[in-house]
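Biologist: I would like to learn how to read side-chain features in a model. Shall we put it on screen and start with the rings?

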Amino acid sequence: MNTLKVGDKVPSFSAKDQDGNTVNLSDYKGKKLIVFFYPKASTPGCTAEACNLRDNYAELQSQGYELLGVSADSEKRQTNFRNKYEFPFPLLADEDRTVINAFGVWGLKKFMGREYDGIHRKTFIIDEEGIVTKVIDKVKTKDHAAQLLD
(Lines give C-alpha, C1' and ligand atoms only; values in the text may rest on other atoms or scores of the structure.)
Protein backbone atom coordinates (compact mmCIF):
# COMPACT_ATOMS: atom_id res chain seq x y z
CA MET A 1 0.00 0.00 0.00
CA ASN A 2 1.63 3.21 -1.21
CA THR A 3 -0.52 5.88 0.47
CA LEU A 4 -0.34 9.54 -0.58
CA LYS A 5 1.43 11.74 1.97
CA VAL A 6 1.43 15.44 2.81
CA GLY A 7 3.10 17.31 -0.05
CA ASP A 8 2.17 14.71 -2.71
CA LYS A 9 0.29 15.79 -5.84
CA VAL A 10 -2.95 13.84 -6.20
CA PRO A 11 -2.99 11.88 -9.48
CA SER A 12 -5.77 12.87 -11.84
CA PHE A 13 -8.83 10.63 -11.44
CA SER A 14 -12.32 10.13 -12.74
CA ALA A 15 -15.12 8.01 -11.25
CA LYS A 16 -18.91 7.77 -11.26
CA ASP A 17 -20.94 9.16 -8.38
CA GLN A 18 -24.14 7.67 -6.92
CA ASP A 19 -26.17 9.12 -9.83
CA GLY A 20 -23.87 7.89 -12.59
CA ASN A 21 -22.32 11.34 -13.15
CA THR A 22 -18.60 11.40 -13.90
CA VAL A 23 -16.60 13.23 -11.23
CA ASN A 24 -13.04 14.31 -12.06
CA LEU A 25 -10.35 15.64 -9.77
CA SER A 26 -10.07 18.58 -12.20
CA ASP A 27 -13.67 19.59 -11.28
CA TYR A 28 -12.22 20.76 -7.96
CA LYS A 29 -9.26 22.78 -9.27
CA GLY A 30 -9.07 26.05 -7.36
CA LYS A 31 -11.08 24.59 -4.45
CA LYS A 32 -10.09 22.93 -1.20
CA LEU A 33 -11.25 19.32 -1.23
CA ILE A 34 -11.76 16.72 1.48
CA VAL A 35 -11.74 13.14 0.16
CA PHE A 36 -12.82 10.57 2.74
CA PHE A 37 -12.52 6.84 2.12
CA TYR A 38 -14.80 4.43 3.95
CA PRO A 39 -14.98 0.62 3.79
CA LYS A 40 -18.69 0.03 3.12
CA ALA A 41 -21.84 2.15 2.76
CA SER A 42 -24.56 1.74 5.40
CA THR A 43 -22.34 -0.02 7.96
CA PRO A 44 -22.27 1.46 11.51
CA GLY A 45 -18.83 3.13 11.42
CA CYS A 46 -19.22 4.48 7.90
CA THR A 47 -22.71 5.79 8.67
CA ALA A 48 -21.47 7.54 11.85
CA GLU A 49 -18.58 9.12 9.92
CA ALA A 50 -20.65 10.32 6.95
CA CYS A 51 -23.48 11.61 9.19
CA ASN A 52 -20.97 13.57 11.29
CA LEU A 53 -19.63 15.17 8.09
CA ARG A 54 -23.20 15.86 6.91
CA ASP A 55 -24.08 17.52 10.24
CA ASN A 56 -21.01 19.76 9.98
CA TYR A 57 -21.18 20.29 6.21
CA ALA A 58 -22.16 23.98 6.44
CA GLU A 59 -19.18 24.67 8.72
CA LEU A 60 -16.81 22.81 6.37
CA GLN A 61 -18.21 24.74 3.40
CA SER A 62 -17.87 28.05 5.25
CA GLN A 63 -14.14 27.26 5.50
CA GLY A 64 -14.05 26.70 1.74
CA TYR A 65 -14.11 22.90 1.61
CA GLU A 66 -15.83 20.62 -0.89
CA LEU A 67 -16.42 16.97 0.13
CA LEU A 68 -16.20 13.64 -1.70
CA GLY A 69 -16.91 10.27 -0.13
CA VAL A 70 -15.35 7.19 -1.76
CA SER A 71 -15.87 3.45 -1.37
CA ALA A 72 -15.92 0.43 -3.67
CA ASP A 73 -19.72 0.14 -3.36
CA SER A 74 -21.99 0.10 -6.42
CA GLU A 75 -23.83 3.22 -7.62
CA LYS A 76 -27.09 1.70 -6.35
CA ARG A 77 -25.68 1.11 -2.87
CA GLN A 78 -24.21 4.64 -2.78
CA THR A 79 -27.58 6.08 -3.91
CA ASN A 80 -29.42 4.21 -1.15
CA PHE A 81 -26.83 5.38 1.42
CA ARG A 82 -27.06 9.00 0.28
CA ASN A 83 -30.86 9.04 0.12
CA LYS A 84 -31.35 7.33 3.49
CA TYR A 85 -29.11 9.82 5.32
CA GLU A 86 -29.61 12.84 3.01
CA PHE A 87 -25.93 13.51 2.32
CA PRO A 88 -25.38 16.84 0.54
CA PHE A 89 -22.08 15.69 -1.01
CA PRO A 90 -21.32 13.14 -3.77
CA LEU A 91 -20.36 9.54 -3.00
CA LEU A 92 -18.11 7.91 -5.59
CA ALA A 93 -18.90 4.33 -6.59
CA ASP A 94 -15.30 3.29 -7.15
CA GLU A 95 -16.00 -0.36 -7.98
CA ASP A 96 -12.83 -0.76 -10.09
CA ARG A 97 -10.80 0.95 -7.30
CA THR A 98 -9.29 3.62 -9.59
CA VAL A 99 -9.51 6.38 -6.96
CA ILE A 100 -8.82 3.99 -4.07
CA ASN A 101 -5.58 2.87 -5.74
CA ALA A 102 -4.62 6.43 -6.75
CA PHE A 103 -4.68 7.42 -3.07
CA GLY A 104 -3.18 4.11 -1.92
CA VAL A 105 -5.84 3.17 0.63
CA TRP A 106 -6.38 -0.48 -0.44
CA GLY A 107 -4.40 -3.08 1.47
CA LEU A 108 -4.18 -5.71 4.16
CA LYS A 109 -6.53 -5.21 7.11
CA LYS A 110 -7.09 -7.11 10.34
CA PHE A 111 -10.48 -7.44 11.95
CA MET A 112 -11.49 -9.86 14.71
CA GLY A 113 -8.42 -12.02 14.09
CA ARG A 114 -9.00 -12.22 10.34
CA GLU A 115 -6.73 -10.76 7.67
CA TYR A 116 -8.12 -9.58 4.35
CA ASP A 117 -7.67 -6.88 1.71
CA GLY A 118 -9.92 -3.87 1.93
CA ILE A 119 -10.26 -0.09 2.07
CA HIS A 120 -8.50 1.67 4.91
CA ARG A 121 -10.59 4.43 6.50
CA LYS A 122 -8.52 7.53 5.73
CA THR A 123 -9.21 11.14 4.88
CA PHE A 124 -7.16 13.50 2.73
CA ILE A 125 -7.32 17.28 2.61
CA ILE A 126 -6.24 18.63 -0.78
CA ASP A 127 -5.46 22.27 -1.55
CA GLU A 128 -6.53 24.34 -4.56
CA GLU A 129 -3.54 23.08 -6.58
CA GLY A 130 -4.23 19.37 -5.96
CA ILE A 131 -1.55 18.90 -3.27
CA VAL A 132 -2.24 16.83 -0.12
CA THR A 133 -2.03 19.16 2.91
CA LYS A 134 -3.25 16.75 5.61
CA VAL A 135 -3.84 13.00 6.00
CA ILE A 136 -5.99 11.62 8.81
CA ASP A 137 -5.07 7.97 9.44
CA LYS A 138 -6.96 7.51 12.70
CA VAL A 139 -10.45 8.69 11.79
CA LYS A 140 -12.80 9.25 14.73
CA THR A 141 -16.06 8.25 13.04
CA LYS A 142 -18.36 10.09 15.48
CA ASP A 143 -16.23 13.25 15.60
CA HIS A 144 -14.57 13.39 12.19
CA ALA A 145 -15.48 16.98 11.31
CA ALA A 146 -13.67 18.23 14.43
CA GLN A 147 -10.50 16.46 13.19
CA LEU A 148 -10.84 18.32 9.88
CA LEU A 149 -11.60 21.72 11.37
CA ASP A 150 -8.66 21.69 13.82
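Modeller: This is a predicted model. A search of the whole structure turns up 12 aromatic pairs.

Biologist: What describes a pair of aromatic rings?

Modeller: The distance of the centres and the angle of the planes. Take Tyr 38 and Phe 81: their centres are 5.8 Å apart, with 50 degrees between the planes, and the pair is tilted.

Biologist: Which parts does the pair of Tyr 38 and Phe 81 tie together?

Modeller: Tyr 38 is in the loop between β3 (32–37) and α1 (44–55), while Phe 81 is in helix α3 (residues 75–85). The pair therefore ties together parts 43 residues apart in sequence.

Biologist: Is Tyr 38 buried or exposed?

Modeller: Tyr 38 is buried, at a relative accessible area of 0%. Phe 81 also counts as buried, at 0% relative accessibility.

Biologist: How are the rings of Phe 81 and Tyr 85 arranged?

Modeller: The centres of Phe 81 and Tyr 85 are 5.7 Å apart and the planes stand at 75 degrees, so this pair is edge-to-face. Planes over 60 degrees apart get that label.

Biologist: Which residues form the aromatic cluster?

Modeller: One cluster is formed by Phe 36, Tyr 38, Tyr 57, Phe 81, Tyr 85, Phe 87 and Phe 89.

Biologist: Now charges and rings. Which ring does the charged end of Arg 97 sit over?

Modeller: The ring of Trp 106, at 3.7 Å from its centre. In another case, Lys 32 lies over the face of Tyr 65, 4.5 Å from the ring centre.

Biologist: What is the phi of Arg 97?

Modeller: Phi of Arg 97 is near 65 degrees, a positive value in a residue other than glycine. Arg 97 is in the loop between β5 (91–93) and α4 (98–103). Its relative accessible area is 29%, so Arg 97 is partly exposed.

Biologist: And what is the phi of Ser 42?

Modeller: Near 70 degrees, again positive in a residue other than glycine. Ser 42 is in the loop between β3 and α1. At a relative accessible area of 39%, Ser 42 is partly exposed.

Biologist: On to cysteines. How many disulfides does a search of the whole structure find?

Modeller: The search finds 0 disulfides. For Cys 46, the nearest cysteine sulfur is that of Cys 51, 11 Å away.

Biologist: Next, pockets. What volume does the largest pocket have?

Modeller: About 300 Å³. Its lining includes Pro 39, Lys 40, Phe 111, Tyr 116, Asp 117 and His 120.

Biologist: Which strand gives the largest share of the lining of the largest pocket?

Modeller: β7 does, with 4 residues. β6 (106–111) and β7 (114–119) each supply at least two lining residues.

Note on methods: Residues are numbered from 1 along each chain as its sequence is written. This is a predicted model: local features need pLDDT of at least 70, side-chain atom pairs count only at pLDDT 80 or more; totals for chains, interfaces and linings use all residues. Side-chain values use heavy atoms; hydrogens and water are left out. Rings of Phe, Tyr and Trp (its six-membered ring) pair if their centres lie within 6.5 Å; planes under 30 degrees apart count as stacked, over 60 as edge-to-face and the rest as tilted. Buried means under 20% relative accessible area, exposed over 50%, partly exposed in between (1.4 Å probe, protein chains only). A charge sits over a ring if NZ of Lys or CZ of Arg is within 6 Å of the ring centre and within 35 degrees of the ring normal. A disulfide is a pair of cysteine sulfur atoms within 2.5 Å. On a 1 Å grid over the protein atoms alone, a cavity is a set of points where a 1.4 Å probe fits but cannot get out, and a pocket is an open set with protein on both sides within 12 Å along at least five of seven lines; lining residues have an atom within 4 Å of a point. Grid points are joined across faces, edges and corners, and a volume is the space filled by probe spheres set on the points.
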